[in-house]
Each structure stands twice: as structure tokens, then as C-alpha cells.
Amino acid sequence: MSKSGALDLVSGVGGRIEKKEVLPAVQKYEKYHVCHGGNEEEMKANYSDMVNKYYDLVTSFYEYGWGESFHFAPRWKEESLRESIKRHEHFLALQLGLKKGQKVLDVGCGIGGPLREIARFSGAFVTGLNNNEYQISRGEELNRIRGINNSCTYVKADFMRMPFSDNTFDAIFAIEATCHAPNQVICENDLAVDSPLPWYLPLDKNHFSPSNFRVTAVGRFITRNMVKVLEFLGLAPEGSQRVQHFLENAADALVEGGRKGIFTPMYFFLARKPIL
Ligand SMILES: C[S@@+](CC[C@H](N)C(=O)[O-])C[C@H]1O[C@@H](n2cnc3c(N)ncnc32)[C@H](O)[C@@H]1O
């Protein structure tokens with residue numbers, strides 16, 4: 001079943017990290033950042049450890065607050081966040097011209113929200129590539145729950161060293177994952193420009209939305225205090241509040257970046273392999 005309850009949230013903090021190791025992991029993760037004394041070279045050299053720690057720590061918060069797909073989407077005024085996310089996934093499947101029986105790779109697949117939707121929508125067989133063990137185990141559990149194990153699978157590997165031979169897949173997509181690559185990625189088109197509602201609206205604490213209550217100011221206040229109490233009672237690992245805190249900071253920074261037009265998560269690019 002979907003892990004959307006408070007206890008699911010706090011019991012999932014840390015992913016595959018031992019509960020007593022959560023706080024040291026938070027401290028190590030924070031230290032990678034310049035504002036906590038880290039430097040860019042160290043971050044690049046240790047990108048795999050940094051990104052894995054991050055997703056071990058935040059995955060249950062993402063699932064609790066956002067759902068099974070961990071990405072933004074262009075959104076119409078009458079649309080809910082969930083609907084806009086699904087529509088964006090259908091858009092990607094249509095852009096790739098996916099057909100029943102094709103083999104598709106989702107690079108940096110999270111817990112598989114997009115790949116399940118795209119497999120169902122297109123009939124294609126989708127493999128999710130992910131370097132995070134906890135997300136893969138959660139993705140496998142959700143595939144089983146949704147009864148979709150026959151059309152999706154996962155491979156644990158670093159997308160900087162893909163373990164596939166040439167021509168394994170008919171199409172490949174990546175949603176908000178290659179931003180974690182230590183090398184620069186060239187992008188083509190910002191879908192956020194034409195979105196009637198700004199992509200960062202669900203994260204804006206000044207915007208109230210009953211359908212997206214958990215990420216509003218009141219929702220965050222409730223989550224913050226709930227995590228505090230559950231950590232105090234020992235039901236959530238020590239460090240859980242710190243994870244909630246850096247996610248709130250990230251949400252505020254994303255909203256500010258979106259407002260100033262200096263950041264977008266909505267860059268879309270489509271590539272075709274040259275015919276040899
Ligand atoms: C923001 S999440 C997006 C997940 C998914 N595309 C979605 O939209 O639900 C980024 C994902 O990229 C994965 N990732 C980051 N760096 C990776 C790497 N070097 N190799 C494989 N996966 C990676 C993370 O583990 C995470 O699942």
C-alpha cells in the first residue's frame with residue numbers, strides 16, 4: 001500500500017542507513033556543501049555518496065509530500081498537482097513515440113512513479129536505472145502492489161557507467177535526474193515558460209491548496225511538529241528533524257529561484273541516436 005502516513009514517513013527516514021547512523025549521515029551530507037565548509041571538488045569527487053545519502057534521507061519525505069513521482073510538471077489552472085504530473089509523463093511517452101513491446105530505459109528512476117505510469121500508458125517494457133538501493137527496493141514493492149512487475153524492472157547502477165550494451169533499448173528518458181551528474185548536460189527547451197501555473201506553486205508556503213495540503217505552510221507546520229514529537233518519542237530516528245529542515249530550506253530556495261527566473265526543473269530535451 002502507498003506509504004503516505006506519518007509513521008511511514010518517519011520510519012522511512014534514512015532509507016537503507018541504520019537508524020542510529022541517520023544523524024551522522026545528515027551531518028556528512030551537510031558538510032559536502034559550501035555553506036557547511038565543503039568544496040565543489042570534493043562534492044564532484046564524491047557525487048555518488050552525496051546523492052545516495054540525500055535520497056536515503058529524503059525519499060520518505062518526498063513520497064509523503066509529493067507522491068510516487070519525484071518531478072515537477074507544467075500545470076493548467078484546473079489541474080491538480082497529481083494530474084499535471086501524470087499528463088507530463090504521458091507527454092514524454094508520446095514524444096518518444098512509445099509502443100507496446102518496446103524496451104525503454106528510465107535514467108535515474110526514483111521509486112518508479114513515472115516508469116509505472118509510462119509502462120501502463122504505452123504498453124512498453126520500462127527498466128528503471130537507479131543508484132539508490134532503498135529507492136529500488138521501494139520501487140519493486142510498489143510494482144508488486146500495483147501488479148505491474150511484468151512490464152517494469154530495475155537495475156542498480158550509476159548512470160555515469162551504464163551497464164548496458166549498445167542497442168539494448170528503443171528509447172531512453174530521464175526526468176530531473178541528470179542534474180546529479182558531475183558533468184554538465186546540455187538542454188534545449190524550458191517547458192516552464194508556457195505553463196499557466198508556475199511549477200514551484202505547490203512548494204510556495206504562501207499558496208494554500210487543499211489538494212496539496214502537506215506542502216503548504218500549515219501542512220509543513222504540522223509535519224515539522226509531528227516529526228519533532230516522533231523523534232522525541234524515539235519512533236523517528238535522530239536526525240529526522242534536520243532532514244525536514246533542509247527540505248524546507250530547499251523548497252523555499254526553489255520557489256525563490258523559480259520566481260527570479262534563475263532556476264527551472266522543466267528543461268526538456270529529445271535526442272535521436274544517429275542512424276549508422
Ligand atoms: C529527483 S529524483 C527523480 C526520480 C524520477 N525520475 C522521478 O521523476 O520520480 C533523481 C533520481 O536520480 C537518481 N540518481 C542520481 N544520480 C544517479 C546516478 N549517478 N546514477 C543513477 N541514478 C542516479 C536518484 O537516486 C533519484 O532516483
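**Cores, helices and a loop residue**

Tutor: In the largest nonpolar core, which has 31 residues, Ile118 and Val126 touch the most other members. This is a predicted model, where local features need pLDDT of at least 70, side-chain atom pairs count only at pLDDT 80 or more, and totals for chains, interfaces and linings use all residues. Residues are numbered from 1 along each chain as its sequence is written, and side-chain values use heavy atoms, leaving out hydrogens and water.

Student: What makes a set of residues a nonpolar core?

Tutor: Its members are buried Ala, Val, Leu, Ile, Met, Phe, Trp, Tyr and Cys residues joined through side-chain atoms within 4.5 Å; buried means under 20% relative accessible area.

Student: Why is this core said to lie between domain 1 and domain 2?

Tutor: Domain 1 (6–72 + 199–260) and domain 2 (81–179) both give residues to this core, so it lies between them. The domain bounds come from an automatic or database domain assignment.

Student: What makes H4 roughly perpendicular to H9?

Tutor: Helix H4 (residues 47–65) and helix H9 (residues 240–260) pack at about 80°, with axes 10 Å apart. The term covers 65 to 115 degrees, so H4 is roughly perpendicular to H9.

Student: Why is aspartate 170 called exposed?

Tutor: Its relative accessible area is 52%, and exposed means over 50%, so aspartate 170 is exposed. Aspartate 170 is found in the loop between strand E3 (152–156) and strand E4 (171–174).

Definitions and conventions. Axes fitted to C-alpha atoms, helices over the stretch in contact; angles between N-to-C directions. Helix = DSSP H or I, 4+ residues; strand = E, 2+ residues; numbered from the N terminus. Parallel < 35°, antiparallel > 145°, perpendicular 65-115°, else oblique. Buried < 20%, exposed > 50% of the residue type's maximum accessible area, 1.4 Å probe, protein only.
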